[in-house]
Structures are given as structure tokens and as C-alpha cells.
Amino acid sequence: MKVKIAVVALLGTAAVAAWGLTVLRARDADRVAPNVTLVAPATGAVVRGDVRLVARAHDGDTGVARVDFFVDGEWVAAATAAPWTARWEATVDHPGERLVQAKATDEAGNTSYSAEADITIADEEPPAVWIMEVDGSSVRVGATDNVAIDRVELFVGTALVAVDDEHPFVVDVAESELDGGALKAKAIDTSGNVRYSEVY
Ligand SMILES: [Ca+2]
Ligand SMILES: [Ca+2]
């Protein structure tokens, strides 16, 4: 009985050793990097909030072990099994252009990168706007935005009386027009977000 167990144990060890050797040989022999394509987001995409990252990856040798996703060269997410998808929270605090890229690693540790997708995080934050002073016919408006102000418009009542697209926002309005109603300013950022000032 004791002999039988010893033989089984020995065979088992041999099988594990042989399997280990096969794995080692396959990994050793795999010197070809996997193929990887970034499917989403695509170049030109305008994203906000929760963004789905999708890659297509293939390795003909040991197989794909993982796909990592990078935004502007910084790691943001990984997928360790197919389908190669992950999620990334595109923060609107920092809108603007970003480069997204996928990196595939095969079981032998070979890596390759996809082409970069040039995307934009949408600016959803409206500007801040206020009327600083009215000096005779000259109206000075303050406006700030997390990205950029496109223009400032000035209203008396519901009538548009002046537009300024260059900082500082100072516009001349006929004093007779200023008497026509409540004065307020409207600021529009480069993404089209709008805010009105308090009535002056
Ligand atoms: Ca490979
Ligand atoms: Ca904005």
C-alpha cells in the first residue's frame, strides 16, 4: 500500500513539473507583442461623466493577459479579461482635450500600445458674471469661466443693447437706453453655457 501511494505521488509531481515546464517554454517562446486597438472613445468624441473604454486585443501566442487604459499618459483603468472594457470618470473640473490610449500585455509580458484617440471632455460649467459699475454711458462687466468666455451681452429689460467678446468687458450704452429698464449682463462661455448676472 505504501509503495502504491508513493508511486502516485511521484507521478503527480512529475505531471506538475512537466506542465510547469510547458508553460515556461510557451512563455519563453512568445516574443511577439499582442495587437490592440482602441475602439471607444473614438477620436473626435465629446465625453462627460462616466466614460466606457473599449479595446480590441489579440495575441496569437500565449494570449492577452490584460489591457490598460491611459488618459494623457496616466493610467486610469484596466481590464483583466475579455471583453476588454473598463470605465473612467471624466471629471468636468478640467474640461478640454485629452489623448486616450490602450495598452495590451500578453501572458509572456510583451506589450503594445494602440493609436491615441483625441477626445474632448465637455465644459458644462456656466460662467460667473456680474455688473461691476455703470459710469455714465459706460458699463463694466466682470465675467469668468473655468475654460473661456466667448462673449458678454448686456440687456436693458429684455432688449439686447450691447455685445463684447474681448476682456475687459466694457461697453458703451446711450444713457437714454439705460433708463429703459432693469440692467443685466449675460455671459456665454466657449461651449455655449450661459449665466445671467443679478439686475444692477
Ligand atoms: Ca504574444
Ligand atoms: Ca465653462
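Which residue in β9 does Gly 96 stand opposite? Gly 96 stands opposite Ile 121.

This is a predicted model, where local features need pLDDT of at least 70, side-chain atom pairs count only at pLDDT 80 or more, and totals for chains, interfaces and linings use all residues. Residues are numbered from 1 along each chain as its sequence is written, while chains are lettered from A and ligands numbered from 1 in the order in which they are written.

Strands here are DSSP runs (E, at least two residues), numbered from the N terminus. Two strands pair if DSSP finds at least two bridges between them.

| Strand | Bridges to β9 | Direction |
|---|---|---|
| β2 (residues 46–47) | two | parallel |
| β7 (residues 96–106) | five | antiparallel |

Val 47 has Ile 121 as its bridge partner in β9.

Side chains alternate along β9 (residues 117–121). Ala 117, Ile 119 and Ile 121 point to one face and are buried, with buried meaning 20 or more other C-beta atoms within 10 Å of a residue's own, placed from the backbone.

Val 100 is in contact (C-beta atoms, placed from the backbone, within 7 Å) with residues including Ala 117 and Ile 119, leaving aside neighbours within four places in sequence.

Now to Leu 183, in strand β15 (residues 183–189). Leu 183 counts as buried because it has 20 C-beta neighbours inside 10 Å. Beyond four places in sequence, its contacts include Ile 131, Val 156 and Tyr 200. Leu 183 and Ser 197 are 14 residues apart in sequence and 9.2 Å apart in space, C-alpha to C-alpha.

Note on methods:
Buried ≥ 20, exposed ≤ 12 C-beta atoms within 10 Å, placed from the backbone. Helix = DSSP H or I, 4+ residues; strand = E, 2+ residues; numbered from the N terminus. Contact = placed C-beta atoms within 7 Å.
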